[in-house]
Every structure is written in structure tokens, then in C-alpha cells.
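Thank you all for coming; I would like to walk you slowly through one model this morning.

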Protein chains: 2
Amino acid sequence: MSEGEKKEVGERHPAQEGDPLAIDYIFHPRSVAVVGPSPQFGFGAMGTSFVIAIQYMGFEGGLYPVNPTYENLLGLKCYPSLLDIPGPVDHVIFSIPVRAVLDVVDDCVAKGVKSMHFFTAGFSETGEEEGAELERQVVQRARQGGIRVIGPNCIGIYCPAAKISFGPGTPRAPGPVAFMSQSGGNAADLLTSAAPRGIRFSKIISYGNAADLNEGDFLEYLTEDPDTEIIAAYVEGVRDGRRFFRAMRRASARKPVIVLKGGRTESGGRAVFSHTASLAGSLAVFKALVRQVGAVEVDSMDELVDMLLVFRFLEQPPAGRGVGIVGGGGGFSVFAADEVDEAGLKAPLLSQRVQEELRRFTPVAGSSVRNPVDTLAIMEPTKLTDTLCLVASDEAVDVLLAHTGFGWGPGRVATAMGLDLDGLMEAVVDVLARAREAAKKPIVLVVATPPLLEATDYSLRFLERCWRRGFPVFPSIPRAAKAIARMVAWREMREDSPR
Amino acid sequence: MSEGEKKEVGERHPAQEGDPLAIDYIFHPRSVAVVGPSPQFGFGAMGTSFVIAIQYMGFEGGLYPVNPTYENLLGLKCYPSLLDIPGPVDHVIFSIPVRAVLDVVDDCVAKGVKSMHFFTAGFSETGEEEGAELERQVVQRARQGGIRVIGPNCIGIYCPAAKISFGPGTPRAPGPVAFMSQSGGNAADLLTSAAPRGIRFSKIISYGNAADLNEGDFLEYLTEDPDTEIIAAYVEGVRDGRRFFRAMRRASARKPVIVLKGGRTESGGRAVFSHTASLAGSLAVFKALVRQVGAVEVDSMDELVDMLLVFRFLEQPPAGRGVGIVGGGGGFSVFAADEVDEAGLKAPLLSQRVQEELRRFTPVAGSSVRNPVDTLAIMEPTKLTDTLCLVASDEAVDVLLAHTGFGWGPGRVATAMGLDLDGLMEAVVDVLARAREAAKKPIVLVVATPPLLEATDYSLRFLERCWRRGFPVFPSIPRAAKAIARMVAWREMREDSPR
């Protein structure tokens, strides 16, 4: 790593007191050591997983596995200890038994390391004094050595611009969404479920017990981070509630902020404590505060992904709650109407004018023109344009929900008939894009993918075409409807109480 | 088709008055004609889809595409009309414009056809007198000709034992579950979502407008059908409510019956009418009746699949509501506890004895031993056996919920490390099977599959191993918990009111 690059990091984010961006360097290490990887399947494989993950991203700095038992790992030289690594080491990932950490922390201090991430757990989250004391010692020694700590008990950082990652095979392309997650599992899950739907990230931070850097630090950082346009957060408990909500108010004034709180019920609260040593606190109070500061509050990881999708891909929140539903297959449309209602939206009866015009060209097979519009137009793209535009032209319709896709029937049929499936997909997405332009109303897509390999393949090919053209795609009607309803409620709330 | 086979069908199910099995022949046609297929992508492709579907199943009888425009289709001779087909035709699938059906019905009568299935729609479900009148005429002519009608406005029949199907690429193996569905889309969706989880079917019947054969006929048939052990039904409205509930009471006394009603809200009711011309009726009354006759009532297609899974794979309903949750990844366990609570089950605090024994060998990394038991034991199969058996040994635990799988991390890591992934999967499933035997309590699995091609591949390979060993596998904790809770409630209800 050259001096020039070092200087550039320093210039962008001077490490001055009170500057939230001062911690930026932890996202841009010039070299990384992973302590504790092993070629055996088992716990040590988690250390190996970090090495694989960073290799896959194409990380250009030094990458050093540390384990005295092996000489090589994954084609890399394996070092007996941190102190044996020849060059400087900026960032160290701990994946070793908890009883061994203090010695390695001392090595980090001696080596001039800048940040440490502890995948290792067994600290304050155990609920036992021994673990809590160990955590305090780690932080104390780190502070004396000028090292920032991420975790312990977490999977650390994914920052594609810096080519570092916590999981093998994660997307290399960066994007405008940031996710800070007290849970490592949720950090990884969000990435894997959001990526196929076109969400790309500036940073994902899993911060576990938050012994040193905590939710306040990260939220303040992301608020200022020029690479982040939308912020999502999963929190179990907060270290400093006053600071966190102040930071959330500031963040929400500048960017959409979506918050999921873990630990809803009695046993959930118990799991929160053992997970990251946070006290869950009152859920009702937390939720009320989230809304009060102008953030969006969600109840599950699925809802969190879904809100990212509408904020990322819809240019404007819909003007109202009227949904025009267009799809194929009657059973679907029966539930679509119920589900849209239950989400707090409406599927208004289409006007006589629209119904009559639709009736002219809608095939009678499985057709209804009232709303939902149950059409097989997906099989005939030219009719689909007209259908979407007509439904959008109804005054009572604020947003179009199109249920489509190639997961099941059309994909298999086209393939069995020897037709050009990619060409057909392209034609459908063209139609959708034209309809969106002509209709001047947002279009949200629903593509249900049955859990079959072939269907997943078709769906992913179709999904990528959709999100590259800026369409949010949901796996089900209820999920689409809920996300739209929340976005509308969020807009109304902000209009009512301007900040 | 030989006379011998014809006789066999006749012997099994004599077509006598009042015998519900008299309609068995409609599931076992010796030859099938599909009227209206086309090699063009578009509406005609739906007809082609039926031909592809039946070919794929390995149907051994005559299969005849009928369309005057083409000479060949999919390697089969294409006939100008039904009357041009040389041999007998038992079953005819209509996939033609509605205005053309009466002429073809007359051809069916002339040809001595036994059953007609109308994919064609545009009948009473349009809400217009013209369509309703056409439907009456079809049924009248059919009855005069001794032909039974399936539909109209539906996708008809899947019967793997007879090698007929309504969708391309459906499983060829039969199984003990039957599904009768007023909606064709739901019939296809259930098949595609249940199949990868090990559900195989005796029959799936999509019956649409139920103009001739209706929900009562099919339910009475399935009650007597020796190939059917579990019955699922999706109904929008019923033609003869008294008969249907009487039939459901009889069916529920002999087999688990799971019922989903479409048309919950005002706009859902509207969609029901346009979909299959049924009046939705009062949902509350319907639900109460379903429970009263001893059937299981569900609220969505997902719940319906999930109930099939517990009835198919759990030998006994759990003895109570205590769930021992074992899984990896703390964020997961936080929600698991909440979700189990919200489903009406309990995640009891494990006894001191069990906690202490677990603590001896549970790796501290990401560990909790209270319940949920957050363990990385999935990476070390030997520890997983001990963990499961210990948790099961707790008196407060009635059922184990194990969150596992190879969708994301372990699959990718093992593959990147060049390990034998299939061998690792086999080891985990062996462990689960041994634990189930030792623990003498049911084990329910949760495998979350992120929507990636590679993850779907890993998951499906793992899922197949699981269900072949008799494990029900759910895609999420809430879905597993809800299904377990419903099964327990169903057992309690039956114990309270013996029939």
C-alpha cells in the first residue's frame, strides 16, 4: 500500500474530535489480518470464511491469515503470530477462543493496528462477570493502544468500495444503502435477501456488543457519509439512548432511516440479553420515539428489506392509497384484494370508462376488469402496456401493483416450446418501463418464486432486468402492499410535522 | 390402452349411484385431447402447456393436440378436429376462445368422451347473463351426452398415478395428499411450493366455477379415496353449503382436512365473484363451521402448505406448547423467541441442569444456553446431537425447532474450502435423525433460503435429504411456529369434543 493512498484517507476524513467521519478509516483498511482460520470444517472455518470473503472482493492490500498450526491457507502464507507479519496491519479480525484474546490484543498494540473486529464471543453477552470484565480489559488496552474496537460478538464490516466483506461471495458493486446491525446474522441475511432485488450497499456494519464503537458512533457516521443515501438499522438495545435518538432525528432530517428493534416479547428480551448484552427496554416507547424523530419503524427483517426497496426505487411516495392491481391467475387476485385492504391500502373499483375499455381487449379467460384486473396479458406484452396505462388512468389509482414473472408457467412453457426466454423477458420489462413513463404513476412489481432451481434461475434473470430498470420487486403482494402503505404513512407524517 | 386396464378401473370404482368413488374414472383417462394449443407464445401457449405437462409425466395413453392450423405440435400429430382422432378419447381439455366451445362440446358428445375440462373462461364468472347461459348450455349438453364437466375456468387435474398433469415439470411420484382448489393458480402454486419440501399428491383438482362436479363431489370422493390420507381445500364459495359441511364432517372424522377460504374483505369478495362466480358469504360463519366439523382452518396458501407438512411428517401432534429452539446466529434467536411467543407457543427457560450441561461444550462464540440455544453446532455435527438431546430432555420442551441449513454461510464456506458438501449435509441429517430417535420428541426444521441460485441449489439438496428422512422443513420460524400451534390446537379440540 503506497503512502499516497494513506494520505488520501487522512485527507478525506481528518480524525478530529467530534467529527463523525473521523472513524472512516475503519472502513478502509490498507491491510487485514485474520486470526484463527482453519482448513477444517468446524468453528475455525468461520475464520477461514472471512479470508475467503475478502479474497473474493478482490482486496488489493495485504491479507494475512494467522494460525501457528498451518503454513499456508487458501494459497496465502499463514503467519504464526501478528508480530511475524512483515508489513503494517491496519485491521485485525479475531476468530479465536475468547480465552486467547488478550494476548492477541497486546500483539495488536505492539503492531500498531488501527482497528480490531471480534467475531469471537463470550464477553458481556454471557451475562457473567468474567466475560464482562474481559470485555472491559479488551477495550481498555485497545484505547491505550489507540485502537478502535468493532464488537465483540459480531461479523464486522462489509464495505465494497474498500473491497472488504464479512461473507463469501457478496456483491462487489457498492450502492447507496447502509445497514448497521447489532446482529451479524441479520447483517448477512439482509445482504443476501436484498442483493437479488438490486439493493447495493455503501457499508454494512455488524457491531454486536458495542463495547467501544456503538450505535451512536455509527449512526452519526452514516448521517455524514457522502456514500450513504438511505440508512437501515437493527438494534436490540442502545448504550446511550439520548444520544441515539438525537442522532436519529438528525439522520432522518437528511436521509430516510428505517429501524428494526429486536426483543419484542419476554423470551425475545431474554435472547437479546444473551445475544449482545443489551437491555431490550420498552418496545412501545422505542417505537414511539422512532416515529417521533421521523424515522420509519418496521417489525421484521423482511419489512426492513422491503422499505429499502421502495426508498431506493420509487422516485416519490405514491400520492394516495389507491392501488390498481394487475396480474394473472384468479386465486392470486382474490387474495391480492384482501391483502391490499389488510395492509391499509385500497383496491378501488375501477371506473365504468376504464372497465369498458379494458373489456374490449382483455381475453375472457380468467379475466376480471374491476380491480384486481386478472389478465393473462403477461403472455401478450402489447396488451399489457394498454392494460397498465388504462388502470393507471383511473383517478382512484395512485400506484400500480403488477403481479408477473417467469418463475413458473411462462418460463417453463417458453423453454419447452424452444422460445427465446430472455427475449420475452426483455419485452415484458420494456412494456413495464413504457407503461410507467406513459402512466406517470409508480409501478411496483410482485414476482413470486417457487423454491425450485429452475424457477429461481428464471426469476433471478427477470428480477435483474427489473431492478436495473428501476423497478422495486417484491416476493408477495402483502409485502409489497405493506411497504407502500408505510411509505405513504411516512410521507403524510412528514408533511404534518415539518422539521 | 388395453381392455384389461379399462376393466381394472371399472372394478376399483363401480360407477353406481351415490358412490362417491363413481367419478374415479375422471382421474384415470386412457386418452386425452387438448383443443386449442399453439406454438406461438401468447394465450394459445396455455393449451400447449397442457400437452407439455402430460408428455413430461410419461402418459402412456393417446395424447392428441387439436388445432386445424397446425399439422404437428411438440412432435405429436395435430388433428383438425376431435372427430378426426382415430381412437377413443376419454378426456378433453378446452383451451379455446369461449365463443367456440359449444361446437366442440357437440363433438365430444359425438366422440363418446367421458370428461371435459375447461381451461376456457368467460362463463358465469363474468357476472353477465350471456356467460351464465353459455355455462348452463355446456352442462346441459354434457349431461345429455353422459359427460362430466370439470370447471369451467380452471386448470383441471393433476394425478401422478395416472400420469396426467396441468403444469409442465410437475413431480411424477404420487403421495398421500389431495388438494381440491377452486383456483387454478392456487393449485399450481401449492404444488410448486410443497413439492421441494417433500409433499407428494394423490390428486390435485382445480374445479373453477364448479358448474357440474362441485366441491361436494370432490370432497366426498377424496374422503373415500384410498390413495388420499390428508385433504386440503381452497374454496371461494360453495354451491351447496349443507352438503359441503356434512361432507367435511365425515371427511374430518377420517382424515385431517385443511381448509382455506378466499374472499375475506369487501374487494376480495368482489374478486371471488369475478373469479369463479361464487358468492363469498360470511367469512366468520364459514370459519366457525370449519372448526365445528373438526377441520383445520387456515388464512393463506403458505399456512395451508405448512399444515400439510406437519400432518404429513409429524407422527403425533406435540404434547404441549413448549418449544426448544436450537439454531445458529444471535439475531435469528432474538426473533425466534418473539415469533414462537406470537404464534401462541412458548420458549420456556431451560432448567438449570440442562443449561449447565449445555454450557460444558457449547462454544462461547455466539452462544446462549437459556432457550433459544444459539449454537454454532451446525458446524460440528457431534455437538449438535448432544445439544438437541439435552434440550429435548427438558420437561418443559414438547417439540424441538432446529434452525439450520446450508443456504448461505456453511455451503459457500465448505465449497470454497473444497470440502465434500454433500457428505457434510448427510452428516447433519444423520445427527438430526439420531437426535429425534434418542429424544423421543418431534423435531421440526427451519431452513431459510436466500433467493440466490447457489443458495437455492444447496438448500434444495439439503431439503431433499431432510424430507426423505421424514423431517418437516419450514422456510421461517414464524411459519413453523404457527403450524405447530395450529396442530396442537387441533389435537386439543378433538380431544375435547370426540366425534
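The crossing of helix α15 with helix α16 in chain A is right-handed, a crossing being called right-handed if the near helix is turned clockwise from the far one by less than a right angle, and left-handed if anticlockwise. What I am showing is a predicted model, in which local features need pLDDT of at least 70 and side-chain atom pairs count only at pLDDT 80 or more, while totals for chains, interfaces and linings use all residues. Residues are numbered from 1 along each chain as its sequence is written, and chains are lettered from A and ligands numbered from 1 in the order in which they are written. Helices (H or I, at least four residues) and strands (E, at least two) are DSSP runs, numbered from the N terminus.

To return to that pair, α15 covers residues 421–439 of chain A and α16 covers residues 453–468 of chain A, and their axes come within 10 Å and cross at roughly 35°. Axes here are lines fitted to C-alpha atoms, for helices over the stretch in contact, and angles run from 0 to 180 degrees between N-to-C directions. On the α15(A) side D422(A), M425(A), E426(A) and V429(A) meet R461(A), F462(A), R465(A) and C466(A) of α16(A), where contact means that the C-beta atoms, placed from the backbone, lie within 7 Å.

Which strand order does the open sheet of chain A have? Its five strands run β15-β14-β16-β17-β18, with parallel pairing, and two strands count as paired if DSSP finds at least two bridges between them. The edge strands, each pairing on one side only, are β15 (373–374) and β18 (473–474) of chain A. Two bridges join β14(A), residues 323–327, to β15(A), and V326(A) has V373(A) as its bridge partner there.

Moving along the sheet, four bridges join β16(A) to β17(A), with H403(A) standing opposite V446(A), and V446(A) also stands opposite F474(A) in β18(A), a strand that pairs with β17(A) over two bridges.

Helix α17(A), residues 477–496, lies across β16, β17 and β18 of chain A and runs at about 150° to β17(A).

Chain B gives us another sheet to look at, an open one of six strands in the order β8-β10-β9-β11-β12-β13, with mixed pairing. Its edge strands are β8 (156–158) and β13 (296–298) of chain B, and the twist averages 20° from one strand to the next. Three bridges join β8(B) to β10(B), and these strands run antiparallel, with G156(B) opposite S206(B).

Note on methods: Contact = placed C-beta atoms within 7 Å.
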